[in-house]
Amino acid sequence: MRFDFIKCHGSGNDFPLIDARDILLDDSVWAGVARALADRRGAVGGDGLLLLTPGDKIHAFGMRMFNSDGSEAETCLNGLRCVARLGFERQGIDRALVRLKTSAAEAARDADIAPGVVTIRETAGPADLDVTRWPLGIDAHEIVQQPVALLPTERSFTAVAMPNPHLVTFVDTVDEAELVAVGEVCEAAPGWLPNRANVSYVEARPGGLFVRTFERGVGLTDSCGSAMAASTFAACLTGRAAFGAELTVFNRGGLVRAQAESDGMVRLSGNATFEWEGSVEVDWERGLAGDLTVARHFDAEIAAWAGVVEAIG
């Protein structure tokens, strides 16, 4: 089957994005499409697959996100900005309540974070500290700055669901080898963590944070929007930042503006950059994509975001 799509990214978190409002496929088919299109060795590549889905009486439209392994995430805030942009453009609106897998989020056009960078503001939450809902098989309902004995590190973590589960630890310097080791334990879906979890190592920096994440279903990633939201909330919860204050949250892919409130709601403002669009043939059963046709490149947007990343250094 052939799909039209847009290759896009939010803060370096890149995806093929399909307008699926009029496409009816079983979840198993979409999982195969995701494996095919997100395969870095294939014709397109990405951190996962984004779908713009139909709305209802409450939501202007919806979003689904399938990881590169075919699993479906509860949310993806970097991806949500891209889906929201496409939804806005296709429906002629500039704000919406967006239906997610298990929750909803508000999205709206925002002032550009840099010249030529299309920027979307999203508000998600409330953050949930009850780990029994993950479930996380330890004798506690909350984890705030506490070691998790089942992990291969003595670092203290804060557990936050946004609504997908995150384990956040604050470090002086990110040790990527250790992050990967901890992330792989969670990725293996052990009996005490059957639904897996995202793991973030976070450096506190003047005026903001630097977040490095091992993402569930993806692996070590340059950026994860819900991880940045969870890290912002965890920083405020543990006294490293103030609720209601805007932070700059950096990652390997760029940056967002972030603000957490004491009621658990977190706002992110960041780019929703379109890079190119085209069509591709997909063999979903084999997880393969080919016969790629590129219709156009969004050269001005690519250059504008490159300038942001270059300025970060």
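Visitor: In which sense do strand 13 and strand 14 run, and how many bridges join them?

Guide: Strand 14 covers residues 219-221, and three bridges join this strand to strand 13 in an antiparallel arrangement. Please keep in mind throughout that the model is predicted. To read such a pairing, one may look for residues that stand opposite each other. Here T213 has T221 of strand 14 as its bridge partner.

Visitor: Which residue takes a positive phi in the hairpin of strand 13 and strand 14?

Guide: The residue is G217, with a positive phi near 80 degrees, and the hairpin has three residues between its strands. A second hairpin is formed by strand 12 and strand 13, with two residues between them. In the turn of that hairpin, G207 has a positive phi of about 80 degrees.

Visitor: With which other strands does strand 13 pair, and in which sense?

Guide: Let us take these partners in turn. Strand 12, residues 198-205, pairs with strand 13 in the antiparallel sense over seven bridges. Within this pairing, A204 has L209 of strand 13 as its bridge partner. Strand 15, residues 247-251, pairs with strand 13 in the parallel sense over three bridges.

Visitor: Why can strand 13 be called largely enclosed by the rest of the structure?

Guide: The reasoning rests on a cut-off: a residue counts as buried when its relative accessible area is under 20%. Strand 13 spans residues 208-215, and eight of its eight residues are buried, so the strand is largely enclosed by the rest of the structure. The residues pointing either way from strand 13 are all buried.

Visitor: How far apart are T273 and S11 in sequence and in space?

Guide: T273 and S11 are separated by 262 residues in sequence, and their C-alpha atoms are 8.5 Å apart. For the chain as a whole, 61% of the contacts with a separation of 6 or more are between residues 24 or more positions apart.

Visitor: Is D130 buried or exposed, and where is it found?

Guide: D130 is found in the loop between strand 8 and strand 9. With a relative accessible area of 18%, D130 is buried. The side chain of D130 makes a polar contact of 2.5 Å with the side chain of T132.

Visitor: How is a pair of aromatic rings described, and how many aromatic pairs does a search of the whole structure find?

Guide: A pair of aromatic rings is described by the distance of the centres and the angle of the planes. A search of the whole structure finds six aromatic pairs. In one of them, the rings of F233 and F243 have centres 5.7 Å apart and planes at 55 degrees, so the pair is tilted. F233 belongs to helix 4, F243 to the loop between helix 4 and strand 15, and the two are ten residues apart. F233 is buried at 5% relative accessible area, whereas F243, at 32%, counts as partly exposed.

Visitor: Why is the pair of F274 and F298 called edge-to-face?

Guide: Planes over 60 degrees apart count as edge-to-face. The planes of F274 and F298 stand at 70 degrees, with ring centres 5.8 Å apart, so this pair is edge-to-face. F274 lies in strand 18 and F298 in the loop between strand 19 and helix 5, so the pair ties together parts 24 residues apart in sequence. F274 is buried at 2% relative accessibility, and F298 is buried at 11%.

Visitor: How many helices and strands are in the chain?

Guide: The chain has five helices and 19 strands. Its radius of gyration is 18 Å, close to the 20 Å that the globule rule gives for 313 residues, so the chain is as compact as a globular protein of that length. Buried residues make up 56% of the 313 residues.

Notes
Residues numbered from 1 in each chain as written. Heavy atoms only, no water. Buried < 20%, exposed > 50% of the residue type's maximum accessible area, 1.4 Å probe, protein only. Helix = DSSP H or I, 4+ residues; strand = E, 2+ residues; numbered from the N terminus. Pairing = 2+ DSSP bridges. Polar contact = N/O pair within 3.5 Å; in protein donor to acceptor, adjacent residues only side chain to side chain. Rg over C-alpha atoms; globule rule 2.2 N^0.38 Å. Contact = heavy atoms within 4.5 Å. Phe/Tyr/Trp six-rings, centres within 6.5 Å; stacked < 30°, edge-to-face > 60°.
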